[in-house]
Amino acid sequence: MGGVSVDGGGGGKRKSLDSDINMIPMIDLLMVTISFLLITAVWTHMSRINADAQVPGPPRPDVEQEKVEPEKQLHVMMQSEDKFVLVWKQGSTTVDQIDVPRKDVVIHAGTQDVVRFPDLAVKIESEWKAKGQHSNPTDRKLDQAILHTDNKTEFRYLIGVIDAIYQTHRDMNLGSKIEKMPAFNITFAVN
């Protein structure tokens, strides 16, 4: 058995101090600690997220810049209590702005009240048909809708607006068949 003998002053009237330190458990503990260190170092490396902000900035001289026109985006503003504002933007340029009167339609579904905005859904669909960019069935890209709201808006109203945006559908070729899919991908604006 591996151990270390610590001999201490056994002369005279003192008792000899004889103790053994068992090295095997200490080596086991050290090996387990090293293995945990190696495993967590690998997992820490694997759990990193590759995030690239892709913010606009000055052009880099080493990369050839191609002129890409920004796509149109539909901004749905719901800060006002009496109307929705639909704003089509291309980059930072406002292409068109439409006011839609806000009419809350409350439907009683069991124990919950569901809010719908049918006028908003109809207007969004007509606007998408006139100004949407991705309507070809072979185009798998979706148009972008950005929802602007304040922090006081109740969740049921948010869901009502999201449902109104998602009511606009388009044909999309999914390989063997063509299916109806929502025309917009919705994101939220950040203050």
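Of the 191 residues of the protein, 24% count as buried, where buried denotes under 20% relative accessible area, exposed over 50%, and partly exposed the range in between (1.4 Å probe, protein chains only). The model is a predicted one, in which local features require pLDDT of at least 70 and side-chain atom pairs count only at pLDDT 80 or more, whereas totals for chains, interfaces and linings use all residues. Residues are numbered from 1 along each chain as its sequence is written, and side-chain values rest on heavy atoms, with hydrogens and water left out.

The protein comprises 3 helices and 11 strands, assigned as DSSP runs (helices H or I, at least four residues; strands E, at least two) and numbered from the N terminus. From the N terminus on, the elements follow the order β-β-α-β-β-β-β-β-α-β-α-β-β-β.

Helix α2 (residues 118–131) has 14 residues, which at 1.5 Å a residue should span 20 Å; the end C-alpha atoms are 20 Å apart, in agreement with this value. The expected span is 1.5 Å times one less than the number of residues in the helix. Buried positions of α2 are Leu120, Ala121, Ile124, Glu127, Trp128 and Lys131. Viewed down the axis of α2, these buried residues fall within an arc of 130 degrees and so line one face of the helix; the arc is that of the directions from the helix axis to the C-beta atoms. Val122, Lys129 and Ala130, on the other side of α2, are exposed.

A search of the whole structure identifies 1 aromatic pair. Phe84 and Phe117 form this pair in an edge-to-face arrangement, with 5.0 Å centre to centre and 80 degrees between the planes. Rings of Phe, Tyr and Trp (its six-membered ring) pair if their centres lie within 6.5 Å, planes under 30 degrees apart being stacked, over 60 edge-to-face and the rest tilted. The pair links distant parts of the chain, 33 residues apart: Phe84 lies in strand β4 (residues 83–90), and Phe117 in the loop between β7 (112–116) and α2. Both Phe84 and Phe117 are buried.

Strand β4 also contains Lys89, which counts as partly exposed because its relative accessibility is 25%. The C-alpha atoms of Lys89 and Leu74 are separated by 6.5 Å, although these residues are 15 residues apart along the chain.

Ile27 lies in helix α1 (residues 23–46) and, at 44% relative accessibility, counts as partly exposed.
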